[in-house]
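Keep the viewer open as you read.

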Amino acid sequence: MLQCYTGEGASDELAHLRSCLACAGRLKALESDLNLITQALEAALPRRRGVHGWSFSRWRLAISAAAAIAAFAGGWSLRGASLVELPVGVSVARHAPVRSTAAIQVSALEPASAIYAAYVQDEFGGDSCSDMSDPLGPGCQ
Amino acid sequence: MGKVDVLPLEHDDFRDLYAEHRARVLRLCRLILADADEAEEVAQEIFLKAFRFYRSGGRPEAWNKWLATVAVNACRDRLRSSWWRRWRGRTEEFDEFKAHSHHSAEESALQRETQRMVWEKFGRLSARQREIFALRHFEGWSTEEVAAQLGLSQGSVKQHLFRAVRELRKGIGKEL
């Protein structure tokens, strides 16, 4: 349609425009709109923003920069908090797997009886072999 | 733009050339830059280049074509160099609207609103779309000439023009 408006349409398209009332109407509407647009662009001349506009823009720039710095600082402080000041429960949960891994590593090197003896010693005190009938103490001597 | 008045007398031809083409070059710059102040500056630069070219004996086939080409390139350079200034604030103020005196107050208000909407939409078009629209509709260049000047295919020029017109029609409440 635009090409027809500017006179660069193909011959069959121009012929169609002459015979089709609907398309001719659309072309007329386009012509009218483009005239209106051309007049508007000819008549009103844009101008750069004045002092108030520049002032507002400067504030906008300053606010954007302050927001970016605040976001960065907030993110940085949260990052530090996650490393140092985690709640106790979270800290224990984090470290538990490490302990169990250590136990597995130790158990691979030490006999089970030695681990058991150390456990009884820690938890109950005294001789781990006080009860010789304990089936869990085969290593007592 | 009054600096041309200090030209030596032997450059009367150039003074005529300036008088003949100034308004057209300024309009083209305003359309591409969508900024009246910058358009004034760029138009001055263009005529300075034109004067140097003229003084060195340059005589193009058609001054209007030569000036339009120089204007497009100068505006493009200006847009590249001042991207941050344009980001800082979009054009929103307008000089006096030329409303027809025989219109009623209501009609004038409507006219102003239409002009504002059209300029707002026009300012939001890409620089390429503004260039193509200005060269095609205001300078009267053919699609082929615009494509050759901007280094684009004719199909690309048509596509840009179609999109530009569609956006501008939205500005006046119409759809393509």
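Chain A has 6 helices and 1 strand, where helices (H or I, at least four residues) and strands (E, at least two) are DSSP runs numbered from the N terminus. Read from the N terminus, the elements of chain A follow the order α-α-α-β-α-α-α. This is a predicted model, in which local features need pLDDT of at least 70, side-chain atom pairs count only at pLDDT 80 or more, and totals for chains, interfaces and linings use all residues. Residues are numbered from 1 along each chain as its sequence is written, while chains are lettered from A and ligands numbered from 1 in the order in which they are written.

Of the 141 residues in chain A, 7% count as buried; buried stands for 20 or more other C-beta atoms within 10 Å of a residue's own, exposed for 12 or fewer, and partly exposed for anything in between, with C-beta atoms placed from the backbone. Among the chain A contacts between residues at least 6 apart in sequence, 28% join residues at least 24 apart, a contact being two C-beta atoms, placed from the backbone, within 7 Å.

A:Leu2 sits in helix 1 (residues 2-5) of chain A. Because it has 19 C-beta neighbours inside 10 Å, A:Leu2 counts as partly exposed. Setting aside neighbours within four places in sequence, A:Leu2 is in contact with B:Leu161, B:Phe162 and B:Val165. From A:Leu2 to A:Glu31 there are 29 residues in sequence and 9.1 Å in space, C-alpha to C-alpha.

**How the helices pack**

Two packed helices are described by the angle between their axes and the distance between the axes. Axes here are lines fitted to C-alpha atoms, for helices over the stretch in contact, and angles run from 0 to 180 degrees between N-to-C directions.

| Helix pair | Angle | Axis distance |
|---|---|---|
| Helix 3 (residues 21-43) of chain A and helix 5 (residues 105-124) of chain B | about 90 degrees | 9 Å |
| Helix 5 of chain B and helix 8 (residues 154-171) of chain B | about 150 degrees | 8 Å |
| Helix 6 of chain B and helix 8 of chain B | roughly 95 degrees | within 9 Å |

Angles under 35 degrees count as roughly parallel, over 145 as roughly antiparallel, 65 to 115 as roughly perpendicular and the rest as oblique. Helix 5 of chain B and helix 8 of chain B are therefore roughly antiparallel to each other. Their contact involves B:Met117, B:Val118, B:Glu120, B:Lys121 and B:Phe122 of helix 5 with B:Glu167, B:Leu168, B:Lys170 and B:Gly171 of helix 8.

What does helix 3 of chain A meet in helix 5 of chain B? A:Leu36, A:Ile37, A:Ala40, A:Leu41 and A:Ala43 face B:Thr114, B:Gln115, B:Val118, B:Trp119 and B:Phe122 there.

Helix 6 of chain B brings B:Arg128, B:Gln129, B:Ile132, B:Phe133 and B:Arg136 to B:Val157, B:His160, B:Leu161, B:Arg163 and B:Ala164 of helix 8 of chain B.

**The nonpolar core**

Which residues touch the most other members of the largest nonpolar core? Of its 38 residues, they are B:Cys29, B:Ile46, B:Ala71 and B:Cys75; such a core is a set of buried Ala, Val, Leu, Ile, Met, Phe, Trp, Tyr and Cys residues joined through C-beta atoms within 7 Å. Elements that each supply at least two residues of this core include helix 3 of chain A and helix 1 (12-33) of chain B. B:Ala71 touches B:Val25, B:Leu28, B:Cys29 and B:Ile46, not counting residues up to four places away in sequence.
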